[in-house]
Amino acid sequence: MIGPHSHAHWEEEQLGKAFDLRLLRRLLRYARPYWKLFALALLLSGGIAVIELALPYLTKVAVDEVLVLPWVEVRSEAPPVPQALPLGEGRYLVREKDLPEGVRAELEQRGALGGRWLLLPAEAPEAEVARRYPDLFQSTPAGYALPEEGLKALPRAEVAALRAPQYRLLGLLALVFLAFLLVRFGLTYGQVYALQYAGQRIMFDMRREIFGHLLRLPMRVLDREPVGRLVTRATNDVAAIHEMYTRALVNLLQDFLMMLGVLAIMFRLNARLTLFLLAFAPVIALLAYWFRAKARAAYREARKILAQLNAYLAESLSGIAVIQLFRQELRSLRRFQEINRDFFRAQMRTIMAFGLFQPAVAILQSLALAFLIWYGGRGVLAGALTLGGLVAFLSYLRILFQPLVRFSEEYNVLQAAMAAAERIFMFLDLPKEPSGRKPVPELRGEIEFRDVWFAYNEGDWVLKGVSFRIRPGEKVAIVGPTGSGKTTIISLILGFYRPQKGQILIDGVPLEELDLAAYRRHVALVPQDVFLFSGNVWDNIRMWNGGLGKEEAERAAQLVGVHDYILRLPEGYETDVKERGMRISVGERQLLSLARAAAADPKLVILDEATANVDSHTEALVQQALERIMAGRTTLAIAHRLSTIRNADRVLVIHEGKLVEEGTVDELLAKRGLFWALWHLQFAGSLDQR
């Protein structure tokens, strides 16, 4: 049989594109039920973007309208602009924003620009201050004018009274700024909540689908897949897709809107300066292309090794007792260290690419800021840009670079999601266990093999032309050397596999035509290695069958003789047996397994060496329980011990995948063939006891 280390080839295949629209369309199917939440998140993202763009503009208004005096002195023989106010002696007051850029540049070149002034209309309440200090203020046709240095000569209280309108405007702007921050907080909270709620629901749906698909996979697939890999599909990979939904997609759209808005505002403030700053774009594009190539390869390798790490951990934990018994702790640790080291190196390659990209973008941002301060400062001096405009430009440039800095993180999330999605969909695309649709209302228990050939691996036949028939109610034992194909026959009867040749009939109906779920309701398997689930004794006997009451479960326990033992447990039937039933002994687990079979009231009982792992005393108890369970039911038993074979109606002897002998125990012993040889090898001394 294929062992757990025969990994499926689909896990090791190279993955496809870093961003695959086909995969994205399949992923969006999970988001469709929650489209209103995503639409709300996008709407809130738009609101957040608007506020983010408005905050620097408020700063510009505060600088230009409050902190900087709006009037500038010009020395000229004639008024430089029609709105100029004469100060006398060839001097004029001009509102700075009224000076055309060309005129401002010419005046700057001639050294005709002077200091800044404050102008108070004569009818304004603040004009009282001007009338109290006539030696500091100068009268003009529009009111009283005060040079900037004159403010320093006034008492602080007078300056406050003089600048009262600006103080009021500054307070109003501060309140608007605070209101915007509060609104942004609310919008951000709503966006995060909507995205996280939708993301959690999507994770819930995906894990449910993955686990549901896992439960319906053919045993052929499950045999060759390590548990750790399957666990990774439902945990790490689903979490990576959750990150994409809650971070990457909406953030990418929000960043895109922010960049468009920033560029539009920057072009409006100063188109030439914006074009100069965009010269950094090709460098950033090349850097992003390099990062994408490096991160893609490194991240793909890291995810593949992570699956190997999970698989090795799961396998080692399952076999920890064997590892300790054979003193293989050091070897297991070394092997784990090898995989862990490979994962560390793959992660470090991802981190190196990430670590180079972010500082490089930060350096480019610093260079752009330095250029902006140099070139924009010259523009402020030349009047091409206001001081508030320069301050706003600095803020907008930082906003423009933020998406580029986040790009590496969002690309990492997107890359992880695409890789995870490809693995998940490769898993979900695996065909489910084939099943017919014919109902099985009743089962008589007749089994027939007609020239059945079966191989786990193509050409390596495990069964070769096996034919036999088991009548309803008959008790048949299957014996043979190890590896002869006994367990394979049981697996075929249970429908875990399909034969490559021949046919298996159940009550005269081909097994492939039956509804497997309905068929298995009439079948009970008592395996050699009993598996108990974490939970109480009730649940393990009833196997969570809601139609089976506690009374029926208790009667089943009494039938197999385990009822008194259960009552001696700390909490009786409510006792938690813990994972894999580790709180109780092997023999007690075997008796609980028999109670589980009895509670199901099967028509077909299959025993897979049910007494192989128990002591003689427990074997006697198990044998008595088996006699009660097998009464009136078709029974097929793989057995090595005399106690199981003694009461069999017929024995099938399998050797090298072929049915070599068939008959009662006495008939086969009389033939002195393979069964006779096995009898004397395995049951020496027992013949006379019959």
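User: Which helix gives the most to the lining of the second largest pocket?

Analyst: A pocket is an open set of points on a 1 Å grid over the protein atoms alone where a 1.4 Å probe fits, with protein on both sides within 12 Å along at least five of seven lines; lining residues have an atom within 4 Å of a point. Helices are DSSP runs of H or I, at least four residues, and strands are runs of E, at least two, numbered from the N terminus. Here helix 3 (35-67) leads, with five residues, and helix 4 (101-110) supplies at least two. The model is predicted: local features need pLDDT of at least 70, side-chain atom pairs count only at pLDDT 80 or more, and totals for chains, interfaces and linings use all residues. Residues are numbered from 1 along each chain as its sequence is written, and side-chain values use heavy atoms, without hydrogens and water.

User: Which residues lie nearest the centre of that pocket?

Analyst: D64, E65, E96, K97 and T386 do, out of 21 lining residues.

User: How are strands arranged in the open sheet of six strands?

Analyst: Strands of a sheet pair through backbone hydrogen bonds, either parallel or antiparallel. Two strands count as paired if DSSP finds at least two bridges between them. In this sheet the order is 12-13-14-9-15-16, with mixed pairing. Strand 12 (523-526) and strand 16 (658-663) are the edges, each pairing on one side only.

User: In which sense do strand 13 and strand 14 pair?

Analyst: Strand 13 (residues 604-608) and strand 14 (residues 634-638) are parallel, over five bridges. V605 has T635 of strand 14 as its bridge partner.
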